[in-house]
Amino acid sequence: MSQKENKNRGRTFGFDTRMLHAGHIPDATTGARAVPIYQTTSYVFDSADYAAQLFDLKQYGNIYTRINNPTTAVFEERMASLEEGAGGVATASGMAAQLTTMMTLLEPGDEVVASQHLYGGTMTQFVHTFRKLGVTARFVDPNDFDAWEAAITPQTKALYGETIGNPQGSVLDIARLAALGSAHYLPVIIDNTFATPYLCRPLTHGANIVVHSATKFIGGHGNSIGGVIVESGEFDYAHYGSIADPSPSYHNLRFYDTFGHHAFLMKARVETVRDTGACLSPFNAFLMIQGLETLSMRMDRHVENAQDVASYLEQHPKVDWVAYPGLESSPYHALAAKYLPKGAGSVFSFGLRGEGGAVRAKGKTFIESLNLFSHLANVGDARSLVIHPASTTHQQLSDAELVASGIGPGMIRLSVGLETKEDLLWDLDQALHVI
Ligand SMILES: *Cc1c(COP(=O)(O)O)cnc(C)c1O
């Protein structure tokens, strides 16, 4: 049930109602109110003819859980409803959501222009895994629209960015990127992980496809890996090679001619996820659905805590800078007001004062002195998290290399959780006092 269909006697339900109800009606056989976990690999066919129709995509139905599953379908429809899209495809992880999207759109020799403010894993995927697929990614400063335009070549097939980039705390001008995409007949893909559909809905600003690491705020409790793709159904793929041309891996099916505005999602599901196997498990889909039920309440609290933590850090004498777009000092404050009116999320970075080896050591001491913030490599948990890239993910880099990669030796990344705010401030205060 997409948002457009999710009406009751003409009423379009609000975001919170859709978090709890979209895509699901109580089970007709058992009356179960919660979404059941359909922990099955496969589904009995009513008849041999019906089976033949399913495999020929003449009839839509359940075949095998690598392709579709009733629990996962609720998660997909609920996400599509919340993002105001036409439909969704769930994937094994956020990385799988991106790769599925790109493998559905791109052919060897194609290019993508992407923001250089991307999640580290995405950067690696776009540089190294894309190379194995014959695809080239060109990276540009996301604020420099001349650079976006200059990087587009006849081989370019998509534009890609993140709603909120880290560690810069940059907010993407999605509507401007969407206008550029329209002018060049290129779908615009936005990773909306840090914002979630509660804080920003990129499709309503003209983007064509949204991808998520549902591992983060959607699941929300740091217990399961998952991803999802949502599409607007509004990009006209009539002349877009991979979606319009006959597809050799589906007996020359023309996805656009056959499925119209559902062509991209159908191809992503029945071809790309079928062949890569990067599907979401029904159990993880259940946990993601559970997470969605409280998304707005959690995000309001994440934002409230993050805003106060950022303000506290900004005035602290041992802190050099804070890159939170919710702060007035942020160069992205105006874009945040436009795209993130309910708040700028709760993942951001700040820098400890000092230079070189001395501040690298301070960073390590700071992390070790925290009590409530967990030191680990994740974001979007209900609990507060912290990482010091210079002594963990980027420890092999020299001080000069760290600075060159935009990650100073004193940079700390926080994912502010849902704890009592005063306790978080107390924890940061005592750890800053130690260094
Ligand atoms: C975590 C993350 C990913 C990758 O998602 P996984 O679920 O870990 O595969 C992609 N983009 C962003 C912004 C992320 O935070």
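## Helix H3

Helix H3 (residues 70–83) contains 14 residues and spans 20 Å from its first C-alpha to its last, close to the 20 Å expected at 1.5 Å a residue; the expected span is 1.5 Å times one less than the number of residues. Helices (H or I, at least four residues) and strands (E, at least two) are DSSP runs, numbered from the N terminus. The model is predicted: local features need pLDDT of at least 70, side-chain atom pairs count only at pLDDT 80 or more, and totals for chains, interfaces and linings use all residues. Residues are numbered from 1 along each chain as its sequence is written, and side-chain values use heavy atoms, with hydrogens and water left out.

Eleven of the 14 residues of H3 are buried, so the helix is largely enclosed by the rest of the structure. Buried means under 20% relative accessible area, exposed over 50%, and partly exposed in between (1.4 Å probe, protein chains only). Among the buried residues of H3 are Thr71, Val74, Phe75, Arg78 and Leu82. At the start of H3, a side-chain oxygen of Asn69 comes within 2.8 Å of the backbone nitrogen of Thr71. Just after the helix, Glu84 adopts a positive phi of about 60 degrees.

Strands pair if DSSP finds at least two bridges between them. Strand S3 (residues 87–91) is joined to S11 by five bridges and runs antiparallel to it; Thr91 has Gly227 as its bridge partner. Strand S10 (residues 209–213) is also joined to S11 by five bridges, again antiparallel, and Ser213 has Gly227 as its bridge partner.

## The ligand site

Of the 14 residues around the ligand, Gly94, Asp191, Ser213, Thr215 and Lys216 come nearest; a residue is near if one of its heavy atoms lies within 4 Å. A backbone N or O atom of Gly94 is 2.9 Å from an oxygen atom of the ligand. In the side chain of Ser213, an N or O atom lies 2.8 Å from a ligand oxygen, and a polar side-chain atom of Lys216 is 2.7 Å from an oxygen atom of the ligand. Taken alone the ligand exposes 380 Å², of which the protein buries 93%; these areas come from the Shrake-Rupley method with a 1.4 Å probe.

## A five-stranded sheet

Five strands form an open sheet of mixed pairing, in the order S14-S15-S18-S17-S16. The edge strands, S14 and S16 (374–375), each pair on one side only. Two bridges join S16 to strand S17 (residues 385–387), and these two strands run parallel. His375 stands opposite Val386 in S17.

## Aromatic pairs

Rings of Phe, Tyr and Trp (its six-membered ring) pair if their centres lie within 6.5 Å; planes under 30 degrees apart count as stacked, over 60 as edge-to-face and the rest as tilted. By this rule there are 16 aromatic pairs. The rings of Phe255 and Phe259 have centres 6.0 Å apart and planes at 35 degrees, so this pair is tilted. Both residues lie in helix H10 (residues 255–259), four residues apart, about one turn of the helix.

Tyr324 and Phe348 also form a tilted pair, at 5.0 Å centre to centre and 50 degrees between the planes. Both Tyr324 and Phe348 are buried.

Terms used
A polar contact is a pair of N or O atoms within 3.5 Å; within protein, one must be able to donate a hydrogen and the other to accept it, and residues adjacent in sequence count only if both atoms are side-chain atoms.
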